[in-house]
Structures are given as C-alpha cells and as structure tokens.
Amino acid sequence: MLRPDPAQPIAVGASVGAVNVSKQTVTSERTAGASHRRRKQDANFLCPVPGCGSTFTRSFNLKGHMRSHNEERPFQCKWPGCGKGFARQHDCKRHEQLHSNYRPFTCDGCNKTFARMDALNRHLRSEGGAECQRILDAAKDSERLPIPKTEENGWPGMGVMV
C-alpha cells in the first residue's frame, strides 16, 4: 500500500492530503520510468502532491523530492564563486566533482572523457557519437569472430604460402 510520508507537513488550512508547493511536476515521465525499472523492492512512499504520482522506496528520498517541489536548495556548492544550490546532497557532491574536471568515463570510439556514465551513454546515442557507437559495435562483432590461427598467432607450420 502506498502512503504519503507521515512526517510530511500538511499545508495550513488545506484539506487532508493537499500539500502547498511551488512546482507541481518535478519528475519527467522518462525519469520516473527509469526509476521503476531499477527498483528491487516495493515503493511504499507516495508523493502527496496532487497530480505528481512519484513513488519512493525510502522516506528519505521522498523528503528530497519534496524539496524539489518547493524549489528548496539547502545544499550549496562550496567551489569558490559557484554557490549553486541543490535539493539533494548527493546531487551537490556530484556537481562539485565537475569543478575538479574529474572525468573517469572515456568513449572508446573518440577518447572524449565524461564525468558521468549517463553523459557517455548520451554521447553514444547522439548524432556526434553515432560513429563512435558504430566503431564500438564493430569491435564487439570482431571479438566474437574466430581468429584464424597462423604461425604468427600460435599454429606452427600454418604460415602463408607464397
């Protein structure tokens, strides 16, 4: 059974179940779908904002989601001169890594580097990364093909005849 987080305050003067927020929709259908596919347990926490419909497996995640509805950004980037705010601490930490140019994900097609795996995957799906994807697919296909044995790669006496 889905339930709103009991710790979530109800707007003063509102009917039971109504919540006072500045943004009604904060999750795209694509993001919600991806979230549902990744789940390994039931989502027992339902966003109480009418029309939102987002569900969560932990109340902690619902609380962060509610900050998004209210456009609250209590987590500030500590990089000098930035000060960008985030509703969730992990989003802030991920953002702070961008300032240090930490880019551990590399496209094997063009050697371009990315800070996040989703950015690399987006590159591979883009028009610019289409050629990289073709290179990677061809490499995968060639790994599946048997390599003919010759003297150079392991079979004595099977050299090329001239």
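In the protein chain, helix H1 (residues 29-38) has the lowest confidence, a mean of 78, while strand E3 (residues 75-76) has the highest, at 96. That confidence is pLDDT, the predictor's own score for each residue, from 0 to 100. Helices (H or I, at least four residues) and strands (E, at least two) are DSSP runs, numbered from the N terminus. This is a predicted model, in which local features need pLDDT of at least 70 and side-chain atom pairs count only at pLDDT 80 or more, while totals for chains, interfaces and linings use all residues. Residues are numbered from 1 along each chain as its sequence is written, and side-chain values use heavy atoms, with hydrogens and water left out.

**Confidence**
- Mean pLDDT for the protein chain is 78, and 77% of its residues reach 70 or more.
- Take care with residues 5-17: pLDDT stays under 50 there, and the model has 15 contacts beyond four places in sequence for them. Contact means heavy atoms within 4.5 Å.

**Overall build**
- The protein chain has 5 helices and 6 strands, and from the N terminus on they run α-β-β-α-β-β-α-β-β-α-α.
- Of its 162 residues, 22% count as buried (under 20% relative accessible area; exposed is over 50% and partly exposed in between, with a 1.4 Å probe and protein chains only).
- Among contacts with a separation of 6 or more, 29% join residues 24 or more positions apart.

**Annotated spans**
- The unreviewed UniProt entry carries the annotation "domain: C2H2-type" over residues 45-74, 75-104 and 105-132; its positions are given in the numbering used here, feature names are shortened, and annotations may be inferred rather than shown by experiment.
- Residues 75-104 are 37% helix and 13% strand, with end C-alpha atoms 24 Å apart.
- Residues 105-132 are 43% helix and 14% strand, and their end C-alpha atoms lie 14 Å apart.

**Cores**
- The largest nonpolar core has 7 residues: Phe45, Cys47, Val49, Cys52, Phe56, Leu62 and Met66. Such a core is a set of buried Ala, Val, Leu, Ile, Met, Phe, Trp, Tyr and Cys residues joined through side-chain atoms within 4.5 Å.
- Beyond four places in sequence, Cys52 touches Gln24, Cys47, His65 and His69.

**Helix H4 and His123**
- In helix H4 (residues 117-125), the buried residues are Ala119, Leu120, His123 and Leu124. They lie on the same side of H4, because they cover an arc of only 140° around the axis, the arc being that of the directions from the helix axis to the C-beta atoms.
- His123 counts as buried because its relative accessibility is 11%. Beyond four places in sequence, His123 touches Cys107, Cys110, Phe114, Gly128, Gly129 and Cys132.

**Two loop residues**
- Ser54 sits in the loop between strand E1 (45-46) and strand E2 (55-56) and counts as buried, at 10% relative accessibility. Leaving aside neighbours within four places in sequence, Ser54 contacts Thr27, Phe45, Leu46, Cys47 and His65.
- Glu72 is in the loop between helix H2 (59-69) and E3 and is partly exposed, at 38% relative accessible area. Beyond four places in sequence, Glu72 touches Arg67, Phe86 and Ala87.
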